[in-house]
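I opened this entry to record what I looked up in the structure.

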Amino acid sequence: MKIEIRYYTQTGNTKKLAEAIAQVTGTKAETVDVPLTEETDILFLCNSVYWGGVKGQVKNFVKDNAKFIKKIVNVSTAALISSTYSQMKKISENAGVELDEKEFHCRGKFTALHGSHPDEKDIEAVKEFASWFMEDSPEQAEKSQGE
Ligand SMILES: Cc1cc2nc3c(=O)[nH]c(=O)nc-3n(C[C@H](O)[C@H](O)[C@H](O)COP(=O)(O)O)c2cc1C
């Protein structure tokens, strides 16, 4: 199963989640400046919102790399909104890419808000999410049934 991790960050919060996922998947976390080069079963796409919107760099990454992406798993941080899922759903639909129903979101530090987030608990939670997600994926399920 080919896993890739991409992130966009302005102040480092989302990068922390991407690097935590990298630890449990054994895959390097790269920024959205690094294109995909081969078919990817699961793309953990770590993103956030700035003045209400997911950045153009993230949208362009999905559009430009759509042919390689089998499925996106949304991972986000934000100060106010509870997830970027609805925005990411539109972005992935426009690109013709599947977005998994499961996602991970936590608060991200912004000025005086959420000073410590993502904190240790968030990091543990995203690691658990990524591990569980991989164990629960159809490819893994097929594999375990065959064993
Ligand atoms: C310029 C700017 C604009 C932001 N606008 C919003 C916003 O509209 N809604 C929101 O929930 N959070 C907003 N935030 C908070 C970020 O989404 C939050 O801090 C996030 O964790 C940043 O991720 P990053 O550190 O990976 O860039 C904003 C942050 C910045 C720096």
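**Strands, a helix and the ligand shell**

I began with strand β3 (residues 42–48) and strand β4 (residues 71–78), which run parallel and are joined by six bridges. The model is predicted, so I treat each entry here as a reading of a prediction.

Next I asked in what order the strands of the open sheet lie. There are five, ordered β2-β1-β3-β4-β5, and their pairing is parallel. I noted β2 (29–31) and β5 (98–107) as the edge strands, each pairing on one side only. From one strand to the next, I have the twist down as 25 degrees on average.

I then turned to helix α3 (residues 85–95). I found that α3 lies across β4 and β5, and its direction makes an angle of about 150 degrees with β5.

Last, I went through the ligand site. Which residues come nearest to the ligand? I listed 20 residues around the ligand, and Thr-11, Asn-13, Thr-14, Leu-80 and Gly-108 come nearest. By element, α1 (13–25) and β4 each contribute at least two residues to the shell. The largest share is that of α1, with three residues.

How values were computed. Residues numbered from 1 in each chain as written. Predicted model: local features only at pLDDT ≥ 70, side-chain atom pairs only at ≥ 80, totals over all residues. Pairing = 2+ DSSP bridges. Helix = DSSP H or I, 4+ residues; strand = E, 2+ residues; numbered from the N terminus. Axes fitted to C-alpha atoms, helices over the stretch in contact; angles between N-to-C directions. Contact = placed C-beta atoms within 7 Å. Near = placed C-beta within 6 Å.
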